[in-house]
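Student: I am new to this structure. Please show it to me, and then let me ask about it.

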Amino acid sequence: MTGQDGERSELQQGSERSEFPYTAHVENTAHEIVDRFAEQLDAGEETGVVVSVAGRLMLRRVQGKLAFGTLADHTGRIQLFAPAQSTPEFEAFCALSLGDWVQVSGIVMKTKRGELSVRVDGWTLLAQSRRSFPDKWHGITDPDTRYRQRYVDLWVTEEARRAFTLRSQIVSAIRRWMEDRGYLEVETPVLHPIPGGALARPFATHHNALDQELFLRIAPELYLKRLVVGGFPKVFEIGRVFRNEGMSVRHNPEFTMLECYEAYGDYRVHIELTEQLVAHLATSLLGTTEVSYGGRPLSLAAPWRRAPLAELLSEQIGVEVDVRTPVAELRRLCDQHDTPWKDHYGSGKLLLELYEKIVEPTLWEPTFVTDYPKEVSPLSRVHREDELLTERFEGIVAGRELCNGFSELCDPDDQRERFEDQARQNAGGDDEAMVVDDDYLRALDYGLPPTVGLGIGIDRLVMLLTDSANIRDVVLFPTLRPEQAAGSD
RNA sequence: GCCCCUGUGGCGCAGUUGGUUAGCGCAGCGGACUUUUAAUCCGAGGGUCGUGGGUUCGAGUCCCACCGGGGGCACCA
């Protein structure tokens, strides 16, 4: 391609490029005008109300001595009505390109056919679009183009605008809700000397001045608990975390997590917090807790079902199993159910693998799965009724993990042992296992009170509430392969 | 990493069992039109069919490789 990749001809590029204004007078929005006048005016009626709007010209219908246009702004669309005899520089107005930014002022009126319009009594070209906009009827159908050129997608794909607006509202509502309950929002480091707080492979980077290896965080967990040690009893953070793992419709290498910690509470406190928060978001933003996901109904109303992991698994496979079931028997069950295992897996890990394979995808209605094996929960406090389990829960909705929380492990000695156990697995080839974080252990030495913690994947939550099947539909600029050099695509 | 699908002018598509100058709609260009709603009508342009090989008298169409994109599996949230 020789640079004519959708660019307009020279003729079209306009001679007054240098005359684009530095500001624009905008007092109204498309939505506001429709809201105010759509019901009131009769076809052919004119008001004396002068409005001033700005946006992109999305459609144009020139008819000799009369032109119509469709102007889009961030709130919606409104028709422009431009008669030759009253429109300043009518010829130039008709020559506008689709996608051009214009400011228009004029009276509000309805055409003979009853379409609410702004008469173009004055207009200014604010910026040109030198590349043509996508097909006005089909929009962008290639998903790759939608993700790469989100700046165009947002104009053309109504669904995209809706999803990202809702995402913003969700995050904002979460903040308000947490703050209303006495949680303090904090910011902890993204660059970690030791990656921790989750089981995942990190991205590595390097600080030149310190000549030190650093990792992009895989979770803020350990820093937030340091803050509870530091005397903030209720903290939360909404932030980006990074995991160097595969990408899929449900996984983007960087994603947003809400994590919160509360002193003096146990895991039951955050189970309730989760179901109430999600129900609140659904009610306040969607108007109902009865939603549908992928065409299938789903009730987010609290309370959600609670069930211990081993119980759910036993029920599903028809064999009584728990964390005390011998490894050999669980391996047999894994083989039977097409679930791969490794030699170093204990009963707890085998149980988890079986559960994730067999049970999790079947949990459609919101369910809190509780009492995870200690073996697979290196940061969770031991269950008060069973030393091989922990007081941990995951919230499963539509067959997917939405959140993960637990009574926090406070005992520095126990934590050290769990770290060391993880480190052994790490050395043994499991590059997702944790390593010992001595500073975190030092913090625990000063005393962490009884505490509960919770992490919610915001992207997954937004997917759920916007009925999106692909995480890329709720991430503005998802991670993609680098675009091929222009010329071959 | 493995498997399946896909790649035609700026955009959306059609291209019949491989057969003569690769079509259509939108956009863009020229023209007509004072109530359109993807406006309509007339006219003239624009593509070495992802790239590179191969089979064939002849390939957008068949074969191979590579590149891009999508979906599924595996790993994870």
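Tutor: Helices (H or I, at least four residues) and strands (E, at least two) are DSSP runs, numbered from the N terminus. This is a predicted model: local features need pLDDT of at least 70, side-chain atom pairs count only at pLDDT 80 or more, and totals for chains, interfaces and linings use all residues. Residues are numbered from 1 along each chain as its sequence is written, chains are lettered from A and ligands numbered from 1 in the order written, and side-chain values use heavy atoms, without hydrogens and water.

Student: Which residues of helix α1 are buried?

Tutor: Buried means under 20% relative accessible area, with a 1.4 Å probe and protein chains only. Helix α1 spans residues 30-37. Its buried residues are Ala-30, Ile-33 and Phe-37.

Student: Within what arc do the buried residues of α1 fall, seen down its axis?

Tutor: The arc is that of the directions from the helix axis to the C-beta atoms. The buried residues line one face of α1, because they fall within an arc of 70°.

Student: With which residues is Leu-461 in contact, leaving aside neighbours within four places in sequence?

Tutor: Contact means heavy atoms within 4.5 Å. Leu-461 is in contact with Ile-170, Ile-174, Val-278, Leu-281, Leu-402 and Ile-456.

Student: How many disulfides are there?

Tutor: A disulfide is a pair of cysteine sulfur atoms within 2.5 Å. The count comes to zero.

Technical notes: Buried means under 20% relative accessible area, exposed over 50%, partly exposed in between (1.4 Å probe, protein chains only).
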